[in-house]
Amino acid sequence: MSLNLLLVWPLLTVLVMLAAKTVRQTRVLALMGAVCQLLLCAVLLYSYQAERAAGNTAAFLFEENHSWYAALQIRYHIGVDGMSVAMILLTAVVVLAGVLVSWRQTVLGREFFFLLMFLSVGAYGFFISLDLFTLFFFLELAVIPKFLLIGIWGSGQKNYSAMKLALLLMGGSALIFVGLTGLYFNAATPGFDMTVLAAHPVSAATQRFFFPFLFAGFGIFTALFPFHTWVPDGHSSAPTAASMFLAGISMKLGGYGCLRAAIWLMPAAAQEYSWVIVLLATIAILYGAFATMMQTDLKYINAYSSVSHCGFVLLGIGMLTKTAVTGAILQMVSHGLMTALFFAAIGMVYDRTHTRLVSRLGGLLRIMPFMSIVFVVAGLCSLGLPGLSGFVAEMTVFMGAWQRQGMGYHLATLAAAASIVVTAVYILRAVGKVIMGPVAAGEHLSLKDASWNERLAAILLLAGIIAIGFAPGWLVGLTEPSAGHLLQQTGDVLTPH
Amino acid sequence: MNYAVYIPLIPLLPLVGFILAGGLGKKYLRSFSGTLCTGIMLVVTLLSLYTAWRYFMADGQWNGVYQKITAVQVSWLEFSPGVGIDMGIVLDPISVMMLVVVSVVSLMVHCFSLGYMKGEDRYSTYYAFLGLFTFSMLGLVVAVNIFQIYMFWELVGVSSYLLIGFYYQKPAAVAAAKKAFIVTRFADLGFLVGILILGIQGQTLNFDTLIQRLTDTQSARFMAITTGSFLGVSLLTWALALVFAGGAGKSAMFPLHIWLPDAMEGPTPVSALIHAATMVVAGVYLIARLFPLFALNAVVLELITWIGVLSAVFAAVIACTQTDIKRVLAYSTMSQIGYMMFALGIAAADGHGYTASLFHLFTHAFFKSLLFLGAGAVIHWVHSNDMKDMGGLRKLMPLTHICFLIACLAIAGIPPFAGFFSKEGILLAAWENNRVVYYIALLTSGLTAFYMFRLYFSIFWRKPADGGHTHSEGTWTMKLPLVLLAALSTGAGFIPFAHYVTPDGRGRTEHLHLLFSIAPVLLALCGIGIAAWLFKKASAQPVKLAQQLGGLYRAAAQRFYIDEVYMFITKKIIFKGIGRPAAWIDKHIVDGLMNGIASATAGLSARIRGLQSGRVQDYALYFFGGIITLAIVLLYVWR
């Protein structure tokens, strides 16, 4: 299939939405657009698997390569490997769930749905790009709507948060820009084509200099310590769907970029800086988990826990073994689904009770059983219960991390593994107070459980979580070869016994 | 019929029950969900019994040795070539034995709950959770892969969490559920790290291959795992000690036992199933499953032995002082599991301890679940857990009284009840292998008899029977399990267990040593006698005695202040010492730095705003200044 469809379809949806007159029409169009996106992605998955089954072993499938801006050798080069397909699927699921939970968005509803759709264009474009500049272009395309979504529809100190998020992400983009110009000018033949850059890596000295720019730049997107502070404020001020996007997709742009641009294109530097990445990731995992333990606002709890969980993505990347990198990709998908589900549940609570403070909530299981079950399952996924996706991802990261030789790496793995206890503490505290226990306020008793659109969104995300948790084989089979391909030049640092 | 055809039904049917009762229970099935789930369990139990009969009597043996039969094995998730999670079902003496124990006790509990939980608001949810637990526990015992065991291990943990917190509006239940999950999670962390070490060193996660590779003392892998060390201790020792830590957490061994007494907040039948007969013995089962590895490591065996002995005596002392009947039973469970643990610890030389340990696991499951169900019937009657509110119930609840008495005699080790045989086996193994352990265990068996009969007399005697209550003891669904379990507690001891379960699969015939049995039985009778003297009639004796014991009694009644130590560690050290600083640093230092940069930038731009004067000549000046500076830099400095 043609990958252009992934860009054309959301853009068409956006254009048609411009013609819509009412919020009602807009949201129906958005929903139809999102459903078609999901179908499109299912077709993509199917045709990708069919190609692979037919024995096509090319690194990237459905490639297209056109010159875009010849003067700077910028090309419109697109193609997908297993990792991209997985991330595209994730995007489609989260977009659809996001549209569903925002169904009752009435304030500036047209603009809201418009921006949501626009975000998806950026994300799809990012995941199919094989040209560094195109990649960067789509990354930027995805940042701006977020700023607006938080600034306009947010809550709390929304201006501060929106500004903070935009500045930090723009800072990240600036670092990425330095990195990509560095690669451009130092390549054997100046160009942005990643397949070429990966085949002929720049010299080790250049890599050593520019690797931190690219890695840290993308790292900021995925909450690399100590640049994670946009995450809690950004999430907590964002409207529900924007939080879902931010944590479910945007943070994944970072992890994907770290792998695709930094690790793949600069294998020597990846080896060299591996210990730094592992160190920062371990700090993020533990520190994020301990900071979560002290939070009192549900959104802050999920935001800090995202810092901790995205630490697993970075840990897997930093370990540079095929298993660990596969685990990192699995964790991106799993965390994307899980955190979107969590934010959806928190959104349901907030819409009804108008508070997110753990201390003001209680006994919701009695009042809103469906919402409570969703909340508990998201929590259990977060603490790594077998049968849900979090377990598969975390265990793959641990196994892969433990394969890496060296005492320091083992200790990092141990420290990261210790976080599973802290995670249990903060999740069960939240569940114990919010879902179980006595009802906090009498007026909560009359609240309604989830509406049909919220139920559909939750079921969609739950289905993804359970599909990975029960039968992880298909996703591992999809992503593992691309992890191997990404590490081809790095050399799997695992020395077998 | 081939095993592979029907065996998967044994764990999967309860999962079906979970899905049906959980998904349709509330709206459609309602009170039928209990009957449905009990029916499913009946089928599962029959299948398990059929499997046991076939395995032990017909096709399990080959050349006089019980074989490991892998009925099903599929790859579920592969990490790297050869290292992955396989899901499967293995049949060997211990897994088949556990299938029977789990399904029988689960069926009894399902049946008992039909009456006990009747009219409960979340009746179908309760049955759904029971189904989830039974599925997980059955999946655990038939595991072919160490990671498979870990997965089901976590699943039984979460079902236990859900069931302890079943009365979710009660803060104590919520706290207990949380505590149980977190303490066992902490232990599971050890288990997980142990798996990582074993898996990477052995390059496999399947039990068979793993054991084969790491017990071959000539192989390079064995050399690598025994010579590689961390902090002066070999990797194998670390791995096994960590796996044992996981087992100790689930099995409530000292000092990870603190969750078990609190777990009694759950409905009583749940305590009978999870916290007496099945989940809490998972630790013992895990050690038994990996026994060939443990047998080669004297250090870890020593650790297991002493943790087991300590838990046995420690819990027995506490049990003598508790007044909540479920807590007495909880400490008693901990004490009995201590027996099973140390029996495994001393089993390396001749394997007698191994057989005795699993035999005790087997008999204990029946009489302890009977005790809990009996306690449930009593609690159902008096609406209280406290001994103070009980007394003189023997006439009012004759059936419960007889069953409870049988269970008490069984646990006290009085012949011919089941506990006698298994406990004798353990004591005998201790006598042959470690005398210190033997004497402590002997003393503990006296204590056991004392605290069990303290319980018995306090519930059924002490006060004169008052005829106020007229309602019946309970429905037949509640009585039937009591009778069946009482029968098992009486007869299970006569099974020639050593014939079936030994470390090497070769059956043995064990003889009773009547002379050897004199001391323990006499001691048990002493314990019963003292209990009768103190508690059969209401008197001031117990209080006086408690006062005479002074500090020791108070310490035991306060559970030796272990909970307080944990409180201190979690509240003061983890929350105040780590959590709060982490949150503070994040808000004030890391984020403060970001805000600082932002305001510094804003401040700087406010200062240099004047540069944008709008006068062309100023710009020209900057422009040429810039060019000159660049030229100097490029020409002289850079080069």
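Before the first stop, one cut-off to keep in mind: a residue counts as buried if 20 or more other C-beta atoms lie within 10 Å of its own, as exposed if 12 or fewer do, and as partly exposed in between. Also bear in mind that this is a predicted model.

**Stop 1: a histidine in chain B**

Select B:His383, in the loop between helix H17 (352-382) and H18 of chain B. Is B:His383 buried or exposed? Count the other C-beta atoms within 10 Å: there are 7, so B:His383 is exposed. Now look at its backbone: phi is positive, about 55 degrees, although B:His383 is not a glycine.

**Stop 2: a histidine in chain A**

Jump to A:His354. You'll find A:His354 in the loop between helix H13 (322-353) and H14 of chain A. This residue is not a glycine either, yet its phi is positive at about 60 degrees. With 8 other C-beta atoms within 10 Å, A:His354 is exposed.

**Stop 3: chain B as a whole**

Zoom out and colour chain B by secondary structure. How many helices and strands does chain B have? There are 26 helices and six strands. Taken along the principal axes, the C-alpha atoms of chain B fill a box of roughly 110 × 65 × 60 Å. Chain B has 639 residues, and 54% of them count as buried. Take the contacts in chain B between residues at least 6 apart in sequence: 79% of these join residues at least 24 apart.

Next, colour by domain. Domain 1 of chain B covers 364-371 + 381-557, while domain 2 covers 564-638. Going by C-alpha atoms, the centres of domain 1 of chain B and domain 2 of chain B are 71 Å apart.

**Stop 4: two crossing helices in chain B**

Show residues 435-460 and 514-535 of chain B, which are helix H20 and helix H22. Two packed helices are described by the angle between their axes and the distance between the axes. Here the axes of H20(B) and H22(B) come within 7 Å and cross at roughly 35 degrees. The crossing of H20(B) and H22(B) is right-handed.

From H20(B), the residues include B:Leu442, B:Phe450, B:Phe453 and B:Arg454. On the H22(B) side, look for B:Pro520, B:Leu523, B:Cys526 and B:Phe535, among others. By class, this contact has 16 nonpolar, four polar and one charged residues.

**Stop 5: a hairpin in each chain**

Stay in chain B and select strand S3 (residues 69-80) and S4(B), which pair in the antiparallel sense over nine bridges. For one of these pairings, find B:Gln73 and its bridge partner in S4(B), B:Gly88. There are two residues between the strands of this hairpin, and B:Gly82 takes a positive phi near 90 degrees. Strand S4 (residues 83-91) of chain B is mostly covered, with eight of its nine residues buried.

Now over to chain A for another hairpin. Strand S1 (residues 61-69) of chain A and S2(A) run antiparallel, joined by six bridges. A:Glu64 has A:Ile78 as its bridge partner in S2(A). The hairpin of S1(A) and S2(A) has four residues between the strands, and A:Gln73 has a positive phi near 55 degrees. Why is strand S2 (residues 74-80) of chain A described as largely enclosed by the rest of the structure? Because five of its seven residues are buried.

**Stop 6: two cis peptide bonds**

Select A:Phe225 and A:Pro226: the peptide bond from A:Phe225 to A:Pro226 is cis, with omega near 0 degrees. A:Pro226 sits in the loop between helix H8 (204-221) and helix H9 (230-237) of chain A.

Then pick B:Pro415 and B:Pro416, where the peptide bond is cis with omega near 5 degrees. B:Pro416 is in the loop between helix H18 (398-412) and helix H19 (418-433) of chain B.

**Last stop: where the chains touch**

Finish by showing both chains together. The contact takes 39 residues from chain A and 36 residues from chain B. On the chain A side, several helices each supply at least two residues, including helix H11 (267-293), helix H16 (389-403) and helix H19 (473-486). Which helix gives the most to the side of chain A that touches chain B? That's H17(A), with nine residues. By class, the side of chain A that touches chain B has 27 nonpolar, 11 polar and one charged residues.

Note on methods: Residues are numbered from 1 along each chain as its sequence is written. Chains are lettered from A and ligands numbered from 1 in the order in which they are written. This is a predicted model: local features need pLDDT of at least 70, side-chain atom pairs count only at pLDDT 80 or more; totals for chains, interfaces and linings use all residues. Two residues are in contact if their C-beta atoms, placed from the backbone, lie within 7 Å. Ala, Val, Leu, Ile, Met, Phe, Trp, Tyr, Cys and Pro count as nonpolar, Asp, Glu, Lys and Arg as charged, and the others, Gly among them, as polar. Domain bounds come from an automatic or database domain assignment. Axes are lines fitted to C-alpha atoms, for helices over the stretch in contact, and angles run from 0 to 180 degrees between N-to-C directions. A crossing is left-handed if the near helix is turned anticlockwise from the far one by less than a right angle, and right-handed if clockwise. Two strands pair if DSSP finds at least two bridges between them.
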